[in-house]
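Subject: Structure handover

Hello,

Here is the structure I promised to pass on. Please open it alongside this email, and my notes follow below.

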Amino acid sequence: MPLNASGATAKGVFATTANEKDPYTYQVGFGNRFASEALPGTLPHAQNSPQKNKYDLYTEGMTGASFVAPRGENLSAWLYRIRPSVAHQGFTRLPDNQDLESCFLPINPKVHISPTQLAWHPFALPSDNEKVDWVDGLKTIAGNGDPSLHEGLAVHMYLANSSMDKKAFCNTDGDMLILPQQGRLDIQTEFGKIMVRSGELCVIQRGMKFKVVLPDGPSRGYIQEIFGAHYVLPELGPLGGHGLANARDFEHPVASFDIDQSPWEIVYKVGGQLHACHQEHTPFDVVAWHGNYVPYKYALEKFVNVGSISKDHIDPSIFCVLTAKSKQPGVPLADFLIFSPRWDVASNTFRPPYYHRNSSTEFMGLLYGVYGGRSDGFQPGGASFETGFCPHGVSYDEFKKGTEADLQPMRISEGTIAFMFESSFMFTITDFAMNRSGKLHMHEPKMWDNLKAQFMNHIPQINADLKAANLPELGSEQKQ
């Protein structure tokens, strides 16, 4: 049985096994309704809100969707805690973080439009002479929409060198998909503890309080925050019942609680503003809980890649781990895609990414390894960006290799996980990313200068072929 922070056993769950890199255990399955108690008998039997809970615990409900949402989309949790969240001393507005942005409408003078590709070298960690925790180290790169509209998303980096102490964070604006790139994150939530390393994702949903400890020292990573929607598994269509990210590989915490009755600060993000809420007790005092509105993590190495085993490319949707719906049917607000080790076997196929202009906006990052064919200087901890319909593709050298290579089965992206935040909506870019990070480098279009019109070298042969077919030769109109 897994142990919680108080030494009590978590009962009645199917749990994973702890290991050296992750001392915690988890319940498994995506979208399940879970139940977990750190002390036996603290979950009420056959009801949610009894007149009196065992050990005088308080009942607290949490909803992640409208009360009347369809059953398949209805998200909620019931928590049984030592003191309820209403036991606090009020809210105080905090100074704005100039590097944190939430309104991405073009009328905001602090965001910018880019018609071309952009790239960033790895973002710098805080210097040793400043103490920056995970909340203070949030830096927004790009996004669309606004949280007050319940539509849109934000892309952030976190750059931190200090653990949070008697401090927690509660984001009421959106769900956060967190991707550590350097250093593990030891995340304490109201539902239990989650350890996340590079190569794993963690999702903390709207309204949940959590605290981040840095067990490996300074840490850097990426965040996608979605407003109004929640992440779901993509539909599999002709793939059938399994493949891509399998539901059984998602891991959820088990109940764990502290009995700390000392002062704490909870930082709330509301409409992009930061507010401090002080209370005389830990927010992590949930002894038992049940529901389906629960944080989770997933190891990206477990992703089941699919692809062409004959010829040509399949659309990049085959790399989708999680998706989030927009208000327009069939149009995703956000897709989270990964590019990880796999076989490439397609015959008579140009195997590098073909030159393309997509309707979607693309933001890419690299967790570890080497990923070719992207913006120059693409390194772990850096990023690249392309707005919708911005043409992109490989250099001439890569094109030449792709057209002349001996097409044997080969492993690609070995030892690498790159990811893409893709959206059907346009992004704007923040002041931090454009002007203050010091890491922006414009993509060099000269890499395509050698993509000459090789067609012109074949004009004599083309004209001979046209003549043989009794068709006008090229340029014959000009000769007349």
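Residues 25-300 are 0% helix and 43% strand. An unreviewed UniProt entry gives residues 25-300 the feature "domain: Homogentisate 1,2-dioxygenase N-terminal". Please keep in mind that this is a predicted model.

Now the salt bridges. A search of the whole structure finds 24 of them.

Take Lys297 and Asp22. Their side chains meet in a salt bridge, at 2.5 Å from N to O. The two residues come from distant parts of the chain, 275 residues apart. Lys297 sits in strand β22, while Asp22 sits in the segment before β1 (26-28). Lys297 counts as buried because its relative accessible area is 2%, under the 20% cut-off. Asp22 is buried too, with a relative accessible area of 8%.

Next, Arg81 and Asp285. Their closest N and O atoms are 3.1 Å apart, and they form a salt bridge. Arg81 lies in strand β4 (residues 76-81), and Asp285 lies in the loop between β20 (273-279) and β21 (286-291). These parts are 204 residues apart in sequence, so the pair ties them together. Both Arg81 and Asp285 are buried.

Then Glu200 and Arg197. This salt bridge has its closest N and O atoms 3.9 Å apart. Here the two partners fall in separate classes: Glu200 is buried at a relative accessible area of 8%, whereas Arg197 is partly exposed at 27% relative accessibility. What joins Asp22, Arg197, Glu200, Lys297 and Glu301 into one network? The answer is salt bridges that share partners.

Lys297 also turns up around Glu251. Glu251 is in strand β18 (residues 250-253). Leaving aside neighbours within four places in sequence, Glu251 is in contact with Thr16, Tyr26, Gln27, Val28, Pro295, Tyr296, Lys297 and Lys302. With Lys302 there is a side-chain polar contact of 3.5 Å. Glu251 is buried, because its relative accessible area of 12% is under 20%.

On to the annotated site. Which residue does UniProt list for "active site"? It is His313, again from an unreviewed entry. His313 is in the loop between β22 (296-299) and β23 (320-325). Is His313 buried or partly exposed? It is partly exposed, because its relative accessibility is 36%, and that class runs between 20% and 50%. Not counting residues up to four places away in sequence, His313 touches Thr349, Phe350, Arg351, Pro352, Pro353 and Tyr354.

Asn358 is in the loop between β25 (342-344) and β26 (361-368). At 24% relative accessibility, Asn358 is partly exposed. Its side chain makes a polar contact of 3.1 Å with the side chain of Glu362. Residues up to four places away in sequence aside, Asn358 touches Gly388 and Phe389. Asn358 and Phe389 are 31 residues apart in sequence, yet their C-alpha atoms are 5.0 Å apart.

Ile412 is another one to find. Ile412 is in strand β28 (residues 410-412). Neighbours within four places in sequence aside, Ile412 is in contact with Ser340, Pro341, Arg342 and Asp344. Its C-alpha atom is 9.4 Å from that of Tyr371, which is 41 residues away along the chain.

Last, the loop between β5 (91-93) and β6 (111-112). It holds Leu105, and Ser102 is in the loop between β5 and β6 too. Leu105 is partly exposed, at 31% relative accessibility. Ser102 is buried, with a relative accessible area of 10%. Beyond neighbours within four places in sequence, Ser102 is in contact with Gly145, Asp146, Pro147, Phe227, Gly271 and Gly272. Leu105 belongs to a nonpolar surface patch with Ile107 and Leu149. Together the three have about 300 Å² of accessible area.

Best wishes

Key. Residues numbered from 1 in each chain as written. Predicted model: local features only at pLDDT ≥ 70, side-chain atom pairs only at ≥ 80, totals over all residues. Heavy atoms only, no water. UniProt positions renumbered as here; feature names shortened; annotations may be inferred. Helix = DSSP H or I, 4+ residues; strand = E, 2+ residues; numbered from the N terminus. Buried < 20%, exposed > 50% of the residue type's maximum accessible area, 1.4 Å probe, protein only. Contact = heavy atoms within 4.5 Å. Patch = residues over 30% accessible without salt bridge, like charges linked within 9 Å, V, L, I, M, F, W, Y side chains within 5 Å. Areas by Shrake-Rupley, 256 points an atom, 1.4 Å probe, with all protein chains shown as cover. Salt bridge = Lys/Arg side-chain N within 4 Å of Asp/Glu carboxyl O. Polar contact = N/O pair within 3.5 Å; in protein donor to acceptor, adjacent residues only side chain to side chain.
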